[in-house]
Amino acid sequence: PGDIVLTVCLGLVVNYLFVRNIITHTPDFLRVVVRYFLVLLAIAAVWFLVSRNLVVTTFVIPGICLVALVFDGVLFAVFRGTFVTTYAKYLLFDVALGLIPIALTALGLTTWDVLALISAFVALVFLLGMVVFTRKQLIAEVRKLFSA
């Protein structure tokens, strides 16, 4: 169908422009890569809203959330506390977005809830790891983010 083809083409154009911007204009490569997952989730959400295809909510959105959480987990392990102080808001976004598939399951928008459960579990384990290993840095960054 034309609407699905148009949506996929639009997603590819946005993806191309974002990747091109990363390669040519970015001084902080990791910040843009962490933002990239948020862009992918936004594209997937628009895709679902246009097509109402439950494959998006069952597989694509939880898959993107899992990839983002694994990517953040690897960077967290490599950079430890400095990654939390530099990218705290993106880490908290990824934890919150890792729980979104559970909400989609609760709303009946998935056909198979295993990936949603895995995404929520990984998000909670990642949050627990941040609290256990970098509690001071995380609390300081949360205070900075939410102070008036």
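## Surface and charge

The accessible surface of the protein amounts to about 8700 Å², and 74% of it belongs to carbon and sulfur atoms; accessible areas come from the Shrake-Rupley method with a 1.4 Å probe, and for residues only the protein chains shown count as cover. The model is predicted: local features need pLDDT of at least 70 and side-chain atom pairs count only at pLDDT 80 or more, whereas totals for chains, interfaces and linings use all residues. Residues are numbered from 1 along each chain as its sequence is written, and side-chain values use heavy atoms, with hydrogens and water left out.

The protein carries 10 positive and 6 negative charges, whose mean positions lie 12 Å apart. Lys and Arg count as positive and Asp and Glu as negative, while His and the chain ends are not counted; each charge is placed at NZ of Lys, CZ of Arg, CG of Asp or CD of Glu.

## Overall fold

The protein has seven helices and zero strands, in the order α-α-α-α-α-α-α along the sequence. The radius of gyration is 16 Å, close to the 15 Å that the globule rule gives for 148 residues, so the protein is as compact as a globular protein of that length. Helices (H or I, at least four residues) and strands (E, at least two) are DSSP runs, numbered from the N terminus. The radius of gyration is taken over C-alpha atoms, and the globule rule is 2.2 Å times the number of residues to the power 0.38.

The C-alpha atoms fill a box of roughly 50 × 40 × 30 Å along the principal axes. Of the 148 residues, 33% are buried (under 20% relative accessible area, with exposed meaning over 50% and partly exposed in between; 1.4 Å probe, protein chains only). Among contacts (heavy atoms within 4.5 Å) between residues at least 6 apart in sequence, 70% join residues at least 24 apart.

## T134 between α6 and α7

T134 occupies the loop between α6 (114–133) and α7 (135–146) and is buried, with a relative accessible area of 3%. Leaving aside residues up to four places away in sequence, T134 touches F76, R80, G81, V84 and G129. Its side chain reaches the backbone oxygen of M130 at 2.8 Å.

R52 lies in the loop between α2 (29–51) and α3 (54–79). This residue is exposed, at 55% relative accessible area, and its phi is near 55°, a positive value in a residue other than glycine.

S147 belongs to the segment after α7, where its side chain reaches the backbone oxygen of K144 at 3.5 Å. From C-alpha to C-alpha, S147 and V60 are 35 Å apart in space, and 87 residues separate them in sequence.

How values were computed
A polar contact is a pair of N or O atoms within 3.5 Å; within protein, one must be able to donate a hydrogen and the other to accept it, and residues adjacent in sequence count only if both atoms are side-chain atoms.
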